[in-house]
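I opened the notebook to look up a helix, some rings and a few totals. My entries follow in the order I made them.

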Amino acid sequence: MSETTGASYAAAGVDIEAGDRAVELMKKWVKKTRRPETEGLGGLGGFAGLFDASALKRYERPLLASATDGVGTKVDLARRMGVYDTIGRDLVGMVVDDLVVCGAEPLFMTDYICVGKVHPERVAAIVKGVAEGCVLAGCSLVGGETAEHPGLLAPDDFDIAGAGTGVVEADRLLGPDRIREGDAVIAMASSGLHSNGYSLVRHVFFDRAGWTLDREVEEFGRTLGEELLEPTRIYSLDCLALTRTTEVHGFSHVTGGGLANNLARVIPDHLHARVDRSTWTPGAVFDLVGEAGKVERLELEKTLNMGVGMIAVVPAESVDAALTTLADRGVDSWVAGEITGRGEHTTGAELVGDYAR
């Protein structure tokens, strides 16, 4: 280009027309997430998403809950595999299942997609996954942003983040103050790694073991890439169903930090959660990460979910009803432990015993 030629946004690497095309392609997916509170209130492409807050009048004292998250380095696997329509479900799961821990019903989400270059079909596929996740979570996708960052990101690079808002009645708010000695700890199975610990997982499989994404892994019954890209399970509607059918004292979303550390966040200072490893068998992916990387068990447990994506803490007398509700909803769940007095324990939760084999 001649130095006398005028500069332009397109010459700098930003394609506004491609962005507009991406918005048009994603509209049909966003439409599928509408709740009654968003019907007729503008549409995709506006400056702000709208939600009819008059719906909250049915609450005596509505508390709004908010959460924001991303999916970490799992986006690198989506990019390398050229699969873009599932990573959005991971994003939704990371956000809404943080909201439901306090008992909040997810109402709406917004997303942020940052790319090196806008490929309209690719962006639309990412939003399709977000929309499908919102449907699974029962919330609306009311808006978002797609940003093109040439020079900072390579043309095929991208990252996503999102924020969500939920609501809970004040006297139904869940937290450490509800947990009681003698309560049961119910574990809900994860769909796999979910969206945590991928820096360790990628280091183990690619850098240390030298595996490729298209490697067929007998233990998985599919390729390594297909296993690693398995979408995060979304538990929000399952957890809300529990709160409607039985007494629940608390939830814990098992994300970065592992099961014990996340469970400890909802245990009061005078109590202790004892979780028995012998009550379940972690999926093959967790064993293979450990074996291929010679990763010690405690390191695995503080990084990965080890097969448990969500915990419910319920009174002992509510166990049967809770397990029945979850089974009816297709959620594999079991009693994994109990709440005891803190005693000499220095942490709020611990894993004991050995995993079932």
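Predicted model: local features only at pLDDT ≥ 70, side-chain atom pairs only at ≥ 80, totals over all residues.

I began with the buried residues of α7: S236, D238, C239, L240, A241, L242 and T243. Buried means under 20% relative accessible area, exposed over 50% and partly exposed in between, with a 1.4 Å probe and protein chains only.

Residues are numbered from 1 along each chain as its sequence is written, and side-chain values use heavy atoms, without hydrogens and water.

Next I looked at the whole protein. I found 11 helices and 12 strands (DSSP runs numbered from the N terminus: helices are H or I with at least four residues, strands E with at least two). Buried residues are 52% of the 357.

Then I turned to the rings. The structure holds 5 aromatic pairs. F205 and W211 have ring centres 5.1 Å apart and planes at 20°, so they are stacked (rings of Phe, Tyr and Trp, the last by its six-membered ring, pair with centres within 6.5 Å; planes under 30 degrees apart are stacked, over 60 edge-to-face, the rest tilted). Both F205 and W211 are buried. I also found W280, W334 and Y355 linked into a cluster by ring pairs.

Last, I checked charges over rings. R215 lies over the face of W211, 4.1 Å from the ring centre (NZ of Lys or CZ of Arg must be within 6 Å of the centre and within 35 degrees of the ring normal). R80 lies over the face of F206, at 4.5 Å.
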